[in-house]
Amino acid sequence: MTDQRSQAEIVRQSLKKRYRKERRFRFYGMAAIAIALMSLVILFTDIIGKGYTGFIKTTITLEVPLDGELMYLDDPTDKDQVSMADFQAPVLAALKRHIPEATERKDVRELSRLVGSYASNQVRDLLTRNPDLLGTTQVMEFLVHDTVSVYVKHADNPAYSIRLTEQQQRWVDKLVREGMIDTAFNDVFFSRGDSREPSNAGILGAIVGSLLTMAVTLVIAFPVGVAAAIYLEEFAPQNRFTDFIEVNINNLAAVPSIIFGLLGLSVFIGLFGMPRSVPVVGGLVLSLMTLPTIIISSRAAIKSVPPSIREAAEGIGASKMQVVMHHVVPLAMPGMMTGSIIGMAQALGETAPLLLIGMVAFIVEVPDGFFSSATVLPVQIYLWASSAEQGFVELASAGIMILLAFMITMNALAIWLRKRLERRW
């Protein structure tokens with residue numbers, strides 16, 4: 001009896017110890033999840049806190065006198081006169097109506113820096129389109145200079161250094177009180193390409209470039225990757241050659257992305273002479289990088305199809321090709337699509353390989369084709385983040401928010417497709 005009691009006590013102590021380990025392991029798991037969620041919250045809070053102002057533009061509304069003598073312009077249809085005219089003068093005249101104390105040359109120079117450099121272009125374009133407006137006064141809305149925009153949106157934030165002089169700050173405060181300077185949704189950000197001036201920069205060019213690049217990547221990587229997976233899993237003989245191919249595919253999935261950029265630079269640009277900074281070359285490079293991911297995920301999806309499906313199809317006289325194409329591939333397609341979408345989302349966020357093929361160029365125009373000069377979202381964010389102007393900091397954070405939205409959408413689509421189309425055996 002004493003031995004039985006001692007053994008029972010040993011068992012109870014062992015169970016207590018085992019339960020303590022289990023509780024400790026659960027605590028560690030919950031702590032790890034909490035740390036991950038906290039890090040995610042901190043990351044998103046920082047990005048949103050810096051980037052939400054990127055979706056806000058600061059404008060100034062002025063009554064602009066389109067005086068021909070002031071601009072040295074008699075005929076807006078004469079290209080020679082238009083090229084020599086001073087379209088900044090009416091903007092300055094409109095500002096002086098509200099800031100009459102700006103009389104000296106230094107004051108006028110500081111006053112001119114309140115409005116963005118594209119204001120004169122707006123006046124020129126307006127007169128070019130409507131020559132009859134010469135000699136009239138028009139109410140026009142202009143984007144303010146980047147330093148003014150930062151001051152208006154971040155005057156109470158010490159993290160942003162205000163680069164306006166005290167006199168300029170007084171002028172801006174006066175114009176804000178009079179309702180001349182106001183903020184609104186930044187439609188410019190979604191309707192224009194890049195610019196040297198943050199207030200006039202947009203992300204449309206990068207979005208179109210990313211979509212064109214992803215289209216090339218999808219057209220090349222998906223069919224080639226799925227076909228390679230079908231061959232390796234269903235038709236390839238098991239020998240040293242196929243083992244060699246499988247090992248190299250697995251190794252390629254772990255190769256740093258910059259290696260694929262070097263490959264694209266040396267082969268597509270150096271050997272074949274293809275142009276730099278175009279979506280076609282970017283798509284070719286990213287398709288090479290995405291192929292291993294698609295092949296591995298597609299093979300896993302094919303393996304998940306039960307052998308009984310193949311045996312049943314063969315039992316009713318189907319050929320090998322009919323078994324694979326009519327039964328195996330349709331059932332494995334949800335997994336293939338899920339892996340492909342995840343691979344495309346990974347390619348969408350890549351920067352290093354695209355930098356090597358020249359997609360880091362400053363692109364103002366929105367690309368209109370696969371062979372037009374273009375940039376992509378990650379590279380555009382990199383360019384803005386490396387700029388000295390503070391206005392580009394909020395644009396970079398806003399661009400990160402858009403890129404995250406694209407990637408979250410693609411991953412959510414992959415999850416939805418898997419849940420929608422998956423078969424349980």
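# A guided tour of the predicted model

Begin by selecting R26 and E22, whose side chains form a salt bridge with the closest N and O atoms 2.9 Å apart. A salt bridge here is a side-chain nitrogen of Lys or Arg within 4 Å of a carboxyl oxygen of Asp or Glu. This is a predicted model, in which local features need pLDDT of at least 70 and side-chain atom pairs count only at pLDDT 80 or more, while totals for chains, interfaces and linings use all residues. Residues are numbered from 1 along each chain as its sequence is written, and side-chain values use heavy atoms, with hydrogens and water left out.

**Along helix α1.** R26 and E22 both belong to helix α1 (residues 2-51), where they are 4 residues apart, about one turn of the helix. Helices (H or I, at least four residues) and strands (E, at least two) are DSSP runs, numbered from the N terminus. R26 is exposed, with a relative accessible area of 53%, whereas E22 counts as partly exposed at 37%. In these terms, buried means under 20% relative accessible area, exposed over 50%, and partly exposed in between (1.4 Å probe, protein chains only).

Next, select I33, L37, L40 and L43, which make a nonpolar surface patch of about 380 Å². L37 is found in helix α1. Patches are made of residues with over 30% relative accessible area and no salt bridge; like charges are joined within 9 Å, and nonpolar side chains (Val, Leu, Ile, Met, Phe, Trp, Tyr) within 5 Å. The areas come from the Shrake-Rupley method with a 1.4 Å probe, and for residues only the protein chains shown count as cover.

**The negative patch.** Move to D67, E69, D74 and D75, which gather in a patch of negative charge on the surface. Asp and Glu count as negative and Lys and Arg as positive, with His and the chain ends not counted; each charge is placed at NZ of Lys, CZ of Arg, CG of Asp or CD of Glu. D67 is located in the loop between β1 (56-65) and α2 (68-71), and at 35% relative accessibility it counts as partly exposed.

**A buried loop residue.** Select F87, in the loop between α3 (79-84) and α4 (89-98). F87 is buried, with a relative accessible area of 7%.

The whole structure contains 10 salt bridges. Select K153 and E394, whose side chains meet in one of them (2.9 Å, N to O). This pair links distant parts of the chain, with K153 in helix α7 (residues 146-154) and E394 in helix α17, 241 residues apart. Both K153 and E394 are buried.

Then select K320 and E234, which meet in a salt bridge at 3.4 Å, N to O. Here too distant parts of the chain are linked: K320 lies in helix α14 and E234 in helix α9, 86 residues apart. K320 is partly exposed, at 36% relative accessible area, whereas E234 is buried, at 11%. Salt bridges that share partners also join E233, E246 and R299 into one network.

**The nonpolar core.** Finish with F189, I203, V281, L354, I357 and W384, which touch the most other members of the largest nonpolar core, a set of 42 residues. Such a core is a set of buried Ala, Val, Leu, Ile, Met, Phe, Trp, Tyr and Cys residues joined through side-chain atoms within 4.5 Å. Elements giving two or more residues to this core include α9 (204-235), α12 (279-303) and α17 (391-421). Helix α17 gives the most, with 9 residues.
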